[in-house]
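Subject: Structure for you to look at

Hi,

Here is the structure I promised to pass on. Please open it and keep it on screen while you read my notes below.

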Amino acid sequence: QVQLVESGGGLVQPGGSLRLSCAASGSIFSINTMGWYRQDPGKERELVATITSIGSTNYADSVKGRFTISRDNAKNTVYLQMSSLKPEDTAVYYCNVRWRRGVWARESEYWGQGTQVTVSS
């Protein structure tokens, strides 16, 4: 029903920058939240950043001031601009979209396949 296609991952040196993209398609409710999460092997998946349909954002403390999340509602695409990258940013990054059609409705949630980001010298 819903597909999320991620791109932009790769290898980058510490202090470098990288931009991730995730294009969503399918039956997506217009009022939704899109976000980025990351997971390193053996660690719990963690929130990186989220953005609502009207542009309200939330960031993990570890990425504040370095990462910027944005979206293009017309294209159903969410971006993550990553700057001043650190080795600890190394992880598989997953994009996500979720919504709920009212408080009584079940939440719909979909995930992308993930893209590897490696920060290393």
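This is a predicted model: local features need pLDDT of at least 70, side-chain atom pairs count only at pLDDT 80 or more; totals for chains, interfaces and linings use all residues.

**Salt bridges**

The whole structure holds five salt bridges. One of them joins the side chains of Arg 38 and Asp 89, with N and O 3.0 Å apart. Arg 38 sits in strand S4, while Asp 89 sits in the loop between S8 and S9, so this pair ties together parts that are 51 residues apart in sequence.

Asp 89 has another partner. Arg 66 also forms a salt bridge with Asp 89, and here the closest N and O atoms are 2.8 Å apart. Arg 66 lies in the loop between strand S6 (57-59) and S7, so its bridge to the S8–S9 loop links parts 23 residues apart in sequence. How accessible are these two? Arg 66 has 11% relative accessibility and counts as buried. Asp 89 is buried as well, at 1%. Through shared partners, Arg 38, Glu 46, Arg 66 and Asp 89 form one network of salt bridges.

Now look at Asp 61. Its salt bridge is with Lys 64, and the closest N and O atoms are 3.0 Å apart. Is Asp 61 buried or exposed? Asp 61 is exposed, because its relative accessible area is 64% and the cut-off for exposed is over 50%.

**A buried arginine without a bridge**

Find Arg 71 in strand S7. Arg 71 is buried but has no salt bridge. The nearest side chain of opposite charge is Asp 72, 8.0 Å away. What does the side chain of Arg 71 meet instead? A polar contact of 2.6 Å joins it to the side chain of Asn 73. A polar atom of the Arg 71 side chain also lies 3.4 Å from the backbone oxygen of Thr 52. Beyond its sequence neighbours up to four places away, Arg 71 touches several residues, including Met 34, Ile 51 and Tyr 79.

**The nonpolar core**

The largest nonpolar core has 28 residues. Which of them touch the most other members? They are Trp 36, Leu 80, Met 82 and Tyr 93. Strands giving two or more residues to this core include S1 (2-7), S3 (18-26) and S4 (33-39). S9 gives the largest share, five residues. Take Leu 80 as an example. Leaving out neighbours within four places in sequence, its contacts include Leu 20, Trp 36, Val 48, Phe 67 and Tyr 93.

Best wishes

Key:
Residues are numbered from 1 along each chain as its sequence is written. Side-chain values use heavy atoms; hydrogens and water are left out. A nonpolar core is a set of buried Ala, Val, Leu, Ile, Met, Phe, Trp, Tyr and Cys residues joined through side-chain atoms within 4.5 Å. Buried means under 20% relative accessible area, exposed over 50%, partly exposed in between (1.4 Å probe, protein chains only). Helices (H or I, at least four residues) and strands (E, at least two) are DSSP runs, numbered from the N terminus. Contact means heavy atoms within 4.5 Å. A salt bridge is a side-chain nitrogen of Lys or Arg within 4 Å of a carboxyl oxygen of Asp or Glu. Lys and Arg count as positive and Asp and Glu as negative; His and the chain ends are not counted. A polar contact is a pair of N or O atoms within 3.5 Å; within protein, one must be able to donate a hydrogen and the other to accept it, and residues adjacent in sequence count only if both atoms are side-chain atoms.
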